[in-house]
Amino acid sequence: MPGSGRLLSGAAPPPTEQVISVRALGLRIMVGLALLGSGCTTSMAPTPPPGPSESPAQPVGGLPPGCGPIDLRTPSGERVDLAGTWTQVDTPGDAATTWWIRTLGDCVWGVGKVDELPEDPVPATVQHLTGRIGSDFVIEGEIVLVGPAVVFPNTSIYAPVEIIIEFDDAGQISLREDREHGVQGPRCPFPATYCPRPVILRRSGSGN
Amino acid sequence: MSGPTSRLRRALIGAAIVVAACTPSPAPPTSTPPAESSAAEVGNLPPGCDPIDLRTTSGQTVDLNGIWIQDEIEGRQPSKWWIRALGDCVWGSGIYDTYTEDEFLSRSDSVQVLQGRVGNDFVIEGTIVLLGPHPAFAVLQYHADVRIQIDIDSDGGITLREDRVPGLQGPRCPDPVGYCPAPLLLRPSR
């Protein structure tokens, strides 16, 4: 290549050629900038349109940033909609807990609160869930124990969780935190002191 | 410095700036991909949260942890908010005090969740999601950005005040006539 030969020979290219090549490079960069800018504008466009899983009652605003459409179906083909009220089950001796869940696309928010606030509440009296639903029917997210202010020692106020969406033979949905009660882990760092029960929910009301 | 090399340098710097501008800003906590969250060790801050040290005018630490009360406003039910702050990250859950099933079915703001970050300017910037059902015929937005001011009075008392005019159309109030959650105005529970 002539150009390579010139560079290898150590001879400097004529100044005009250098200017032209730099200008051409600059032009290409400016064109690239413009294209990049338009691409950037496109990527920052309003949130994607609601996917097929969105509820007919989906209000204005579309999906929040970071949430994508998802279309999960039960074994019988019905759309999986987690929005609504849920009841914590499998809590012998524990206070009954109501959970409220909202889904927007694959994003999930939830609040769980014991129905009757105890006199000596524990941190898990009110729990705050955020997460994403995967096509594998698993919600991966985090739970924050938001109440009350009294913090037990050795409590993990914040911890990642995995919640599995399950169906029984009748197609009823339940949500089950993928963890054994009392077993040490992020949600239960010191089982001997305090260990919130795994979240196991059965639907008690529709969300819309 | 106006030669071709400097022009090339400026062009490259410009490209870098545009690329940086186009890089998505760090996602807010509601949308942080949870799969990337690592287990929070006891006593450590969750991923994405930083230490912050806000003080009242008298030098006391501003501690948002605890139960807060939203008084009855514009005929809305009073509600109780549970707030947890870890570093500059804030989570909150607000639930009507005495909702009935019927009430719940008619009010999307009967259950709300807040997630945001506290700034050194004493402002919580974040998002609120309405977990209650969608009332019939109402136009609303389940998910909206919020700004909440941390107001401190002369006695050191803290109030959390959503920076929004009641009834004014906006993301939290897309339909002022049909449905408009009252702005948050929270005082500590005694």
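This report walks through a predicted two-chain model, starting with its confidence and ending with a few individual residues.

## Ground rules and confidence

Residues are numbered from 1 along each chain as its sequence is written, while chains are lettered from A and ligands numbered from 1 in the order in which they are written. As this is a predicted model, local features need pLDDT of at least 70 and side-chain atom pairs count only at pLDDT 80 or more, whereas totals for chains, interfaces and linings use all residues.

For the complex, the predictor reports an ipTM of 0.73 and a pTM of 0.72.

## Chain A in brief

Chain A has 2 helices and 8 strands, in the order α-α-β-β-β-β-β-β-β-β along the sequence. Both element types are DSSP runs, numbered from the N terminus: helices are H or I with at least four residues, strands are E with at least two.

Of the 208 residues in chain A, 31% are buried. Buried means 20 or more other C-beta atoms within 10 Å of the residue's own, exposed means 12 or fewer, and partly exposed is in between, with C-beta atoms placed from the backbone. Among chain A contacts with a separation of 6 or more, 43% join residues 24 or more positions apart.

## The barrel in chain B

Chain B holds a closed barrel of 8 strands, β1-β2-β3-β4-β5-β6-β7-β8, with antiparallel pairing. Neighbouring strands in this sheet are turned by 30° against each other on average, direction ignored; the axes are lines fitted to C-alpha atoms (for helices, over the stretch in contact), and angles run from 0 to 180 degrees between N-to-C directions. Two strands count as paired if DSSP finds at least two bridges between them.

Take β4 of chain B (residues 111–118): 7 bridges join this strand to β3 (residues 89–96), running antiparallel, and β4(B) also pairs with β5(B) in the antiparallel sense over 7 bridges. B:Cys89 has B:Arg117 in β4(B) as its bridge partner, and B:Val113 is partnered by B:Val129 in β5(B). Most of β4(B) is covered, with 7 of its 8 residues buried.

The hairpin of β4(B) and β5(B) has 4 residues between the strands, and B:Phe122 takes a positive phi near 65° there. B:Asn120 sits in that loop between β4 and β5 of chain B and counts as exposed because it has 9 C-beta neighbours inside 10 Å.

## Core residues

The largest nonpolar core has 62 residues, and those touching the most other members are A:Ile101, A:Val108, A:Val111, B:Ile83, B:Val90 and B:Leu131. Such a core is a set of buried Ala, Val, Leu, Ile, Met, Phe, Trp, Tyr and Cys residues joined through C-beta atoms within 7 Å. Beyond four places in sequence, the contacts of B:Leu131 include A:Trp100, A:Ile101 and A:Val111, along with B:Val111 and B:Val113.

Over in β6 of chain B (residues 143–152) is B:Ile148, which is buried because it has 27 C-beta neighbours inside 10 Å. Its contacts beyond four places in sequence include B:Val123, B:Ile124, B:Leu160 and B:Leu184. B:Leu186 is 38 residues from B:Ile148 along the chain, with 9.9 Å between their C-alpha atoms.

Note on methods. Contact = placed C-beta atoms within 7 Å.
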